[in-house]
Amino acid sequence: MEYVNLGKSGLKVSRICLGCMSYGDPNRGAHPWSLDDEQSRPYIARALELGVNFFDTANVYSAGSSEEILGRAIKEYAQREDLVIATKVHGRMRPGVNGAGLSRKAIFAEIDASLQRLGTDYIDLYQIHRWDHEVPIEETLEALHDVVKAGKARYIGASSMYAWQFCKALYLSEHHGWSKFVSMQNHYNLLYREEEREMMGLCLAEGIGVLPWSPLARGRLARAWESEPSTARGETDTFGKTMYSRTENADRQVIERVGEIAELRGLPRAQVALAWLLQKPGVTSPIVGATKPRHLEDAIAALSITLTPEEIKSLEDPYTPHPVLGFS
């Protein structure tokens with residue numbers, strides 16, 4: 001395993017982050033495809049064996065049960081101080097007008113709830129899950145700063161938003177002397193490269209760690225164009241089905257190029273697609289989900305693959321502009 005600093009911070013994270021969205025009570029929340037406690041634990045344990053020290057979840061994943069499962073597994077398999085635990089705040093967690101969002105009230109309530117579910121005294125990386133258009137960003141930033149100063153979070157991060165929004169947040173934090181975002185968790189993969197237009201350049205310029213979500217495009221990059229999903233999540237994830245069209249000819253060409261390089265090298269497609277992402281400037285740690293043993297093995301193996309400039313060009317050439325996806 002390789003370990004790098006998260007952005008300009010001193011926090012060391014593994015170059016692969018285990019995303020825990022797939023772990024949770026399937027009877028709670030909007031993820032009926034999630035793996036329950038017993039099914040999830042082997043993946044968390046295996047990630048630790050492979051050297052992964054970075055785990056990402058969110059309060060909304062399976063109505064909080066993802067945090068609960070991760071918290072219990074941590075206590076059983078690892079020392080808390082050895083791990084980097086990331087979670088998020090924004091989505092609706094309870095009824096009522098203040099039961100969601102990034103107000104001071106919501107953030108203060110949700111940080112305590114996440115700490116309780118995770119069974120820990122602090123969160124390493126506390127992230128805003130999306131931009132809240134109904135709350136002044138100054139209120140959100142000051143509340144996050146107070147969370148850090150209270151010792152409930154060590155660092156703060158952001159997720160999918162426009163580059164101008166992120167730039168504004170970074171400026172305001174600098175101006176007021178508040179804790180600054182050290183990371184950006186954005187939607188970035190071979191089938192969706194719109195982040196290269198502005199966000200990636202901004203993150204490089206400001207020393208922000210990039211943590212791409214959906215690095216395999218909900219599994220599309222790991223299988224042939226004609227193949228159907230091989231996991232329960234792939235078959236039933238309605239949100240995922242809205243992300244990538246099956247009629248995009250350019251997407252098909254990209255997937256075919258992944259297949260060609262994988263065949264020539266004798267590698268699984270997932271390793272090729274992840275190797276491309278890991279070689280992109282600014283990318284710190286792709287957030288990889290795992291619901292089959294090979295998912296983790298492929299992710300770790302991708303760290304040792306170096307694509308040639310010609311292979312990278314072949315993978316990137318078919319790309320065409322896409323509508324903005326993942327900001328809401």
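**Helix α4 and the strands around it**

In this predicted model, the buried residues of helix α4 pack against quite a list of elements: α3, β6, β7, α5 (163–176) and β8. The α4 residues that count as buried are I137, T140, L141, A143, L144, H145, V147 and V148. As for how the helix sits, α4 lies across β6, β7 and β8 (181–185), and it runs at about 150° to β7. Its length also checks out: with 13 residues at 1.5 Å a residue, α4 should span 18 Å, and its end C-alpha atoms are 18 Å apart, which agrees. After α4 comes G151, a residue with a positive phi, near 85°.

The strands under discussion belong to an open sheet of eight, in the order β9-β8-β7-β6-β5-β4-β3-β10, with parallel pairing. At the edges stand β9 (209–210) and β10 (287–288); each has a single partner strand, so one side of each goes without a neighbour in the sheet. As a reminder, strands of a sheet pair through backbone hydrogen bonds, in either a parallel or an antiparallel fashion.

Six of its six residues are buried, so β6 is largely enclosed by the rest of the structure. On one side, β6 pairs with strand β5 (residues 84–89) in the parallel sense, over four bridges. Here K88 stands opposite Q127 of β6. To get from β5 to β6, the chain passes through helix α3 (residues 104–118), and this β-α-β crossover is right-handed.

Strand β7 (residues 153–159) is another partner of β6, and the two run parallel, joined by five bridges. Within this pairing, Y126 has I156 in β7 as its bridge partner. This is also where α4 comes back into the story: the chain crosses from β6 through α4 (residues 137–149) to β7, and that β-α-β crossover is right-handed.

Moving along the sheet, β5 also pairs with strand β4 (residues 54–56), again in the parallel sense, over three bridges. In that pair, F55 has I85 of β5 as its bridge partner.

Put together, the picture around α4 is of a helix that links β6 to β7 while lying across β6, β7 and β8, with its buried residues packed against α3 and α5 as well as those strands.

Definitions and conventions:
Residues numbered from 1 in each chain as written. Predicted model: local features only at pLDDT ≥ 70, side-chain atom pairs only at ≥ 80, totals over all residues. Heavy atoms only, no water. Buried < 20%, exposed > 50% of the residue type's maximum accessible area, 1.4 Å probe, protein only. Pairing = 2+ DSSP bridges. Right-handed = clockwise from strand over helix to strand, strands pointing away. Contact = heavy atoms within 4.5 Å. Axes fitted to C-alpha atoms, helices over the stretch in contact; angles between N-to-C directions. Expected span 1.5 Å × (residues − 1).
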